[in-house]
Amino acid sequence: MTNHWVDIKNSDLVIVMGGNAAEAHPVGFRWAIEAKKQNGAKLMVVDPRFNRTAAVADIYMPLRSGTDIAFLSGVIRYLLKNDKIQHEYVKHYTNATFLVNENFKFEDGLFSGYDETTRKYDRTSWSYQFDEEGQPKRDMAMQDPRCVINLLREHVERYTPEMVERITGTPQKDFQIFCEEIAKTSAPDKAATFMYALGWTQHTVGSQNIRTMAMIQLLLGNIGVSGGGVNALRGHSNVQGITDLGLFPNRLPAYLPLPTEADTSLQALLDRITPKTMMKDQVNYWKNTPNFYVSMLKTFYGDKATAENDFGMHYLPKLPKGGMDQLRYIEEMYQGKVNGFFCQGMNPIASYPNSQKIIKALSNLKYLVIFDPLVTDTSEFWKNHGEFNDVKTEEIQTEVFRLPTTCFVEEDGSIANSGRWLQWHWKGAEPPGEAKTDGEILSELRAELIHLYKKEGGKAPLEPLEAMGWNYANPLEPKAEEVAKEVNGYALEDVKDANGNVIVKKGELLSSFAQMRADGSTSGSCWIYTGQWTPKGNQMANRDNSDPSNLGNTLGWAFAWPLNRRVLYNRASADLAGNPFNPKRQLIKWNGKNWNYVDVADFGTAPPNSPVMPFIMQPEGVGGLFVRERMADGPFPEHYEPMETPIGTNPLHPNVVQSPVARILPSDKEDLGTSDEFPYVGTTYRLTEHFHYWTKNVLLNVIAQPEQFVEIGEALAAEKGIKHGDVVKVSSKRGYIKAVAVVTKRIRSLVSDGKPIHTVGIPIHWGFAATTGAKKGFFANNLTVRTGDANTQTPESKCMLVNIEKVGA
């Protein structure tokens, strides 16, 4: 989230798309209700299904799954056509005035630079025009046809209300209501917030779904302000923490890139990944990447990280040519190229797309190690569970090891929520039996591996493993407090300012990532978390909920990264002179030294009317309506059909139907279905009564929602002769599930490109492994497509082609 959960109460308009907060985030959703009750806000929901959030909304409208970009691009067209933008904000705080390279173009579904052979773009033309001093050219009057905002006007002109309805199925009268309501927040003293979740991310265009919404917020002046923002709803309590700490195949903590095979030295790596300041006077805070990277390496490798050995950079694994992601890794496992798999805190046969392929891939391993408190479907993948998992156990040679871990209530630690708040929790119960924390298990594995390598030798180099810093009081039992301080960072030598004054003494904890240095004198493995544990103590344990602002900015409660800031880019909540756009929700204020007020200012010490702009992480200092080379699939969003499309064409450009750069591997192309065989759209979602695949182990949850079901609309039910309560088989090109049919008015049929579109709603829960004797169920991911977003490789789990047949009453 750019903002945070409590701040939603300050919104004038709450929009939920690509999520179902009332169902999947019922505690946090209270703040949307607070906005309605106390602020008179309206709640708008756009979703293929009339869900629990829609049930309390003021306005609801349906759309076909996978068509959000067409809908939102039509909104952009409306805002520009009707002059419903926040002019001062757009002019000064976005790149609307920047002139784009003359070679950039968009024709027939493709941006300039596309290579059909590699299925990638050469993004050279996705750039600005520059003057003699190397500065981007701008037209502050925004009259030049090569201005970003004028190219954007041209790009979205095709998304007329008629075209939006043709693609999305959303009736034009409903779309008009949406546009009129959101346009009201272009007034400087109004703000809208978007709440989204996996319903936007799990598409081949997932990143661009979010980009389109962010562009709307920039045009309306809704980023950096109280009650506004781009607000992702994370699915687990620590999913935010997982991403922050780098559990990606291509990332390190705090979103720092992993080296590639082409990075022959630390300097070469830093030169590649550190953005150069593009506009004079701008902050470009990512220019400090060397400080963050070297401090991280010092945490990883301690005394073994020196300037002479590039601070241990060569100990890090290197991304192979072409990269690595879960789709490719499973493919290598499927092809028998992987010997072992450590599965920590996840259930891949239930949560990865095309479950049957995952089971076959796991069957090719020599060993599988499961870290989990309870039995999981993945730990039982080798057992025959009849129709739910019809494998031949005797043919599976994979040896499975189960290592019982603790649950979060059985250990101290921190949880990072959607709003970037790091909240410390304390151990509430002793773990049962032999269960240990993940940290203890990994520590013992490391120690034993080093012992065995020294005793017996091995093929892999031992040096990177030995070089790892493991300076805990008990190296086999690292404590959460020790790890938290390590993540925060220390001064390894006296840290001095530009004038030579000591600002942090050797051995002290850092208080700010601004104290990090690239010379090896500081540590800290996750720079955005620096400040969570300072010389003043554990900031995550703070529990002062006083709120003098009455905006929910409780700076004394826990710690929000970065630097306890609650609203990112909050300098954009005021004009150039520092006057708040909405005085009733003022976040920052110039006090003669800095901008700190009811929030920690996301800005330096530049005074009012200085040329320094609010978007301090961007090389040009402004928000991006045009993103240059940072997106793999285009500098502007564009509607592309899902990989399995129910209409078989793209009304905007029939020659380019799907994203030309979406991730799909050759073997997965064979598993794609067509609408001739699978004429309906399947989409997945969660239920309040269950938490993914865990709660089939909890009797109360099993009682609350005991049996697997799917939802279909009345029109589809009539067409297929299905009655409420019938047992149905839902199938795709990849597999099938059986479930009870719930016939409901909540899912209506739509018309898209002249074709009737029926949607089958598929809750994701259930499986065959449970400790409660719960009814077994099928994986929703038996049906889903192994294809992914070109930027994140997130699989397209929210849109697939299916068929449905009655199999019993």
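How far apart do the end C-alpha atoms of residues 2-378 lie, and how much of the span is helix and how much strand? In this predicted model, local features need pLDDT of at least 70, side-chain atom pairs count only at pLDDT 80 or more, and totals for chains, interfaces and linings use all residues. Residues are numbered from 1 along each chain as its sequence is written, and side-chain values use heavy atoms, with hydrogens and water left out.

The end C-alpha atoms of residues 2-378 lie 35 Å apart, and the span is 36% helix and 11% strand; helices (H or I, at least four residues) and strands (E, at least two) are DSSP runs numbered from the N terminus. An unreviewed UniProt entry annotates residues 2-378 as "domain: Molybdopterin oxidoreductase". For residues 683-798, the end C-alpha atoms are 5 Å apart, with 11% of the span in helix and 28% in strand. UniProt positions are given in the numbering used here, feature names are shortened, and the annotations may be inferred rather than shown by experiment.

The chain is divided into domain 1 (5-235), domain 2 (326-447) and domain 3 (663-806), with bounds that come from an automatic or database domain assignment. Between the C-alpha centres of domain 1 and domain 3 the distance is 28 Å. Contact (heavy atoms within 4.5 Å) involves 30 residues of domain 1 and 30 residues of domain 3. The area buried between these two domains is about 2500 Å², of which carbon and sulfur atoms give 49%; buried area is the accessible area (1.4 Å probe) that two parts lose on being put together, summed over both. On the domain 1 side, R49, Q202 and T204 lose the most area to domain 3, together accounting for 26% of what that side buries.

Three salt bridges are found across the interface of domain 1 and domain 3, a salt bridge being a side-chain nitrogen of Lys or Arg within 4 Å of a carboxyl oxygen of Asp or Glu. R49 also forms a salt bridge with E711, the closest N and O atoms being 3.0 Å apart. Between domain 1 and domain 3 there are 15 residue pairs in polar contact, both residues at pLDDT 80 or more. A polar contact is a pair of N or O atoms within 3.5 Å; within protein, one must be able to donate a hydrogen and the other to accept it, and residues adjacent in sequence count only if both atoms are side-chain atoms. The elements giving two or more residues to the side of domain 1 that touches domain 3 are α1 (21-24), α7 (161-168), α9 (198-201) and α10 (206-220). Of these, α7 gives the most, with four residues.

The structure holds 37 salt bridges. K36 forms a salt bridge with D58, with the closest N and O atoms 2.9 Å apart. Because K36 lies in helix α2 (residues 30-39) and D58 in the loop between α3 (52-55) and β3 (59-61), the pair ties together parts that are 22 residues apart in sequence.
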